[in-house]
Amino acid sequence: MSNGNRIGELLVREKLISLQQLRQAQEEQKRTGTTLGATLQKLGYVSDGDITTFLSTQYKVPAVNLDEYEIDADVLKLIGKEVCEKHKIIPVSRAGSALIVAMADPTNLHAIDDLKFLTGFNVEPMVASENAIMAAVERYYNVGPSYEEVMAGFDEGEIGVTAEGGDAVDMNDLEKASEEAPVVRLVNMILLSAIKKGASDIHIEPYEKKLRVRYRVDGVLLEEMAPPLKLRNAIASRVKIMSQLDIAERRLPQDGRIKLKLGKGKEMDFRVSVLPTLWGEKICMRLLDKSNLQLDMTKLGFDKKPLDDFQWAIHQPWGMVLVTGPTGSGKTTTLYSALSELNKVAHNISTAEDPVEYNLHGINQVQMHEEIGLNFAAALRAFLRQDPDIIMVGEIRDFETAEIAVKAALTGHMVLSTLHTNDAPATISRLLNMGVEPFLITASVNLVLAQRLARKACADCKADFPIDKQVLLDIGFTEDQAERARPMKGVGCRTCNGSGYKGRVALYEVMRFSESLKDMVLQGASTAELKAAAIRGGMLTLRMSGIQKVIDGMTTTEEILRVTMAD
């Protein structure tokens with residue numbers, strides 16, 4: 001029996017997970033190829049600490065928290081990265097003739113014998129979860145060249161490929177410069193560093209006297225580096241070559257895609273947009289990591305009642321569910337999670353997207369091409385001739401799309417779509433302003449959901465952060481909530497790069513379109529009146545949802561003020 005299966009059965013026996021959860025994790029493990037322990041953690045059935053404590057008790061071996069342990073470089077040199085990955089181990093420290101090693105399976109005698117033979121030391125095992133060990137191996141052994149080391153490869157005298165005034169650049173020189181090893185290494189470093197830091201976007205921006213690279217991490221832009229201005233064209237050309245764009249075209253915007261293979265079967269997609277600006281080409285790259293796509297609705301951040309309402313709406317036989325929020329608020333993830341739940345053999349699902357961000361098995365996804373007339377309205381019309389059950393439209397931008405979507409919802413189809421509005425009640429006004437008749441809206445819309453993403457307080461360094469009660473009341477806390485609340489704040493550590501935040505959680509405002517709200521729309525009620533009635537009906541606004549997350553210790557009051565408006 002493999003170590004993973006043995007651990008799985010022991011976890012069931014100790015009632016830390018149910019047999020059903022073990023079976024689900026084994027199914028997911030087969031699909032993704034990851035280990036059982038890592039899969040159980042990804043699904044949220046056990047935490048890293050649970051597994052470590054459990055293994056420590058089970059094998060009567062001390063546990064080690066690798067995040068809090070700084071491993072000496074001389075110790076790391078004793079065992080190579082390949083051996084660490086093969087046996088799921090990492091050396092921790094040396095004590096005389098003993099080598100202390102963190103192991104995912106301390107009973108693996110083959111690994112211990114191997115290490116004794118390789119190092120000549122006696123091996124003393126400690127236990128850590130496989131996830132923690134592999135993260136430590138990545139951290140300590142995968143240290144690529146630093147920015148300074150990459151830049152040291154440039155000869156200042158050889159960089160000058162930019163002519164003043166912009167266009168007078170020899171394309172052969174440009175291509176040659178973009179293929180030079182230091183430029184290639186610099187661009188690779190920009191991409192890989194963004195992956196390691198968990199960035200969602202990379203911005204490479206030329207200005208009159210500066211070139212800067214910024215990463216968007218957990219929704220906030222941070223300056224990462226400032227390469228020499230002379231490299232702007234070489235970097236732009238290298239990115240264009242990687243994304244198969246025309247390096248000779250420097251006056252028009254271009255869009256492309258880069259697919260990076262990162263070993264162990266992992267791939268990362270970058271969606272590339274090149275925009276000509278006053279001082280050169282600005283490059284924006286969106287990182288699309290399918291392995292991080294969270295499709296389990298229960299883990300997105302929904303409270304119980306909003307989740308029940310959303311589940312009710314998407315499981316209706318027909319009607320429309322609208323998700324609203326600004327760019328980067330997680331609308332696509334919410335829609336994909338709804339689609340993955342509805343994705344059954346009995347359903348024909350078609351989506352019109354611009355662009356298609358993630359490929360979902362079993363769903364017919366169509367990429368929009370405005371230049372040849374394939375827009376959302378045209379795709380919607382075609383879908384209705386394709387015997388659909390469920391349709392997802394990337395965005396309702398105009399009356400034509402809105403009209404067809406409403407008609408599709410009225411003729412027995414489930415329609416999911418997004419709009420750009422600030423909250424759920426304002427979505428109804430937006431449809432009315434587009435020209436959709438009130439009686440069509442009330443007949444077709446099942447539910448409207450508004451959402452935002454707030455940064456989570458870092459789990460490794462968050463601590464109590466007392467706030468004056470009056471301040472909490474001013475933010476929107478009730479008397480009872482202000483009394484109960486124990487606000488937390490991250491103080492900054494290595495895990496969160498000193499920011500105090502790591503990861504994000506969604507805030508939801510779910511407005512179920514009840515009969516009383518439909519009557520109000522038909523009578524011409526304003527957005528404010530609709531909002532007040534929805535709150536009386538039990539709707540939690542974005543601010544209320546955020547306050548609940550502060551009470552739960554997940555985020556901070558500053559984040560809530562940053563991403564939500566006062567009610």
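## A hairpin to start from

Strands β4 and β5 form a hairpin, with four residues between them. The model shown here is a predicted one. β4 covers residues 199-206 and β5 covers residues 211-217. The two strands pair in the antiparallel sense, over seven bridges. Ala199 stands opposite Val217 of β5. Pro206 stands opposite Leu211, also in β5.

β5 and β6 have two residues between them. Asp218 sits in that turn, with a positive phi of about 50°. Five bridges join β5 to β6, and the two run antiparallel. Here Tyr215 stands opposite Leu222 in β6.

## The six-stranded sheet

Which strands make up the open sheet, and in what order? There are six, in the order β6-β5-β4-β9-β8-β7, with antiparallel pairing. Strands of a sheet pair through backbone hydrogen bonds. β6 (220-225) and β7 (254-261) stand at the edges. Each has a single partner strand, so one side of each is left without a neighbour in the sheet. From one strand to the next, the twist averages 25°.

Helix α11 (residues 181-196) packs on this sheet. The helix touches β4, β5, β6, β7, β8 (267-277) and β9 (280-288). Its direction makes about 20° with that of β5. Strand β5 is mostly covered, with six of its seven residues buried.

Helix α16 spans residues 399-410. At 1.5 Å a residue, its 12 residues should span 16 Å. The end C-alpha atoms are 16 Å apart, which agrees.

Which residues of α16 are buried? They are Thr401, Ala402, Ile404, Ala405, Val406, Ala408 and Ala409. These buried residues pack against strands β10 (319-324), β13 (390-393) and β14 (414-419). They also pack against helices α15 (376-383), α17 and α18 (438-444).

## Where α17 meets α22

Two packed helices are described by the angle between their axes and the distance between the axes. Helix α17 (residues 424-434) and helix α22 (residues 527-536) pack at an angle of about 140°. Their axes are 8 Å apart. The crossing is right-handed.

On the α17 side, the contact is made by Pro425, Ala426, Ile428 and Ser429. On the α22 side, Thr527, Leu530 and Lys531 take part. By class, the contact has four nonpolar, two polar and one charged residues.

## Two buried residues

Thr541 is found in the loop between α22 and α23 (542-551). Is Thr541 buried or exposed? Its relative accessibility is 0%, so Thr541 counts as buried. Leaving aside neighbours within four places in sequence, Thr541 is in contact with Tyr508, Glu509, Lys531, Ile535 and Asp567. Lys531 also belongs to the contact of α17 with α22.

Ala506 has its place in strand β18 (residues 501-512). Ala506 is buried too, with a relative accessible area of 5%. Which residues does Ala506 touch, not counting those up to four places away in sequence? They are Leu300, Gly301, Gln451, Arg452, Leu453 and Lys549. Take Gln451, one of these. Ala506 and Gln451 are 55 residues apart in sequence, and 6.7 Å apart in space, C-alpha to C-alpha.

Definitions and conventions
Residues numbered from 1 in each chain as written. Predicted model: local features only at pLDDT ≥ 70, side-chain atom pairs only at ≥ 80, totals over all residues. Heavy atoms only, no water. Axes fitted to C-alpha atoms, helices over the stretch in contact; angles between N-to-C directions. Left-handed = near helix turned anticlockwise from the far one by under 90°. Contact = heavy atoms within 4.5 Å. Nonpolar A, V, L, I, M, F, W, Y, C, P; charged D, E, K, R; others polar. Pairing = 2+ DSSP bridges. Buried < 20%, exposed > 50% of the residue type's maximum accessible area, 1.4 Å probe, protein only. Expected span 1.5 Å × (residues − 1).
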